[in-house]
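Dear colleague,

Please find the structure below, handed over for your reference. My findings follow it.

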Amino acid sequence: MTTVEPIRNINDIRRVEKILADKSKRNLLFFTIGTNCGLRISDILGLDVKDVKGKSHIQIIEKKTRKFKKFPINSKLKPMIDEYTKERHLYEPLFITIFGNRLERTAAYYIIKDACKKAGLEEKVGTHTLRKTFGYHYYKKFKDVAMLQKIFNHSNPSTTLRYIGIEQDRIDESYRNFIL
């Protein structure tokens, strides 16, 4: 299994968002939920309309950990969700295919990979890139590894830093600054 990386540059994120927006509101929304909430793709794709429509918070039981998670819907996501769900029924999957089926992980992977390629990104990307991107930028903004560790349900801070690519960034920087 290949380890994927976060999207480290905000301008790269904006380019991917533009590409996704030009293709479909659905694709943009699942990408934006991933980069703004840090959910695993299985939890994003498991959302139903009732989980987000008219809500101030998203509340789920994580599929992997079986732990309860609750977090507010931020000001970027709120209008996107309102627009996307306004004509939708509460008890249908939030992300559906043209055939009316729940969007699957493999399709999400190709959507992300294609958009990142079109945006010119060279990072190894996949569905987990969304979660790692959230973590990377959360850490860069707040420098609060303890809170991020709690958000991700990691057992220790070093796991969190390695997971979001900060550990590798530090190693790379130390090599760049070490010249004999």
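Is Tyr 110 buried or exposed? At 54% relative accessibility, Tyr 110 counts as exposed, where buried means under 20% relative accessible area, exposed over 50% and partly exposed in between (1.4 Å probe, protein chains only).

The model is a predicted one, in which local features need pLDDT of at least 70, side-chain atom pairs count only at pLDDT 80 or more, and totals for chains, interfaces and linings use all residues. Residues are numbered from 1 along each chain as its sequence is written, and side-chain values use heavy atoms, with hydrogens and water left out.

Aromatic pairs

The whole structure was searched and seven aromatic pairs were found; rings of Phe, Tyr and Trp (its six-membered ring) pair if their centres lie within 6.5 Å, with planes under 30 degrees apart counted as stacked, over 60 as edge-to-face and the rest as tilted. Tyr 110 pairs with Tyr 109: the ring centres are 5.0 Å apart and the planes stand at 75 degrees, so this pair is edge-to-face. Tyr 109, at 27% relative accessibility, is partly exposed.

Another pair joins Tyr 138 and Phe 142, with centres 4.9 Å apart and planes at 50 degrees, so it is tilted. Both residues lie in helix α6, four residues apart, about one turn of the helix; helices (H or I, at least four residues) and strands (E, at least two) are DSSP runs, numbered from the N terminus. Tyr 138 is buried at 18% relative accessibility, whereas Phe 142 is partly exposed at 47%. Phe 134, Tyr 138, Phe 142, Phe 152 and Tyr 163 form one aromatic cluster.

Helix α7

Phe 152 is also among the buried residues of helix α7 (residues 145–152), together with Leu 148, Gln 149 and Ile 151. Seen down the helix axis, these fall within an arc of 160 degrees, so they line one face of α7; the arc is that of the directions from the axis to the C-beta atoms. Their cover includes β2 (68–72), α6 (128–142) and α8 (157–163), on the basis of contact (heavy atoms within 4.5 Å). Asn 153, which follows α7, has a positive phi, near 60 degrees.

Helices α1 and α2

The axes of α1 (residues 10–23) and α2 (residues 25–37) come within 7 Å and cross at roughly 150 degrees. The two helices are therefore roughly antiparallel (over 145 degrees; under 35 is roughly parallel, 65 to 115 roughly perpendicular and the rest oblique). Axes are lines fitted to C-alpha atoms, for helices over the stretch in contact, and angles run from 0 to 180 degrees between N-to-C directions.

Kind regards
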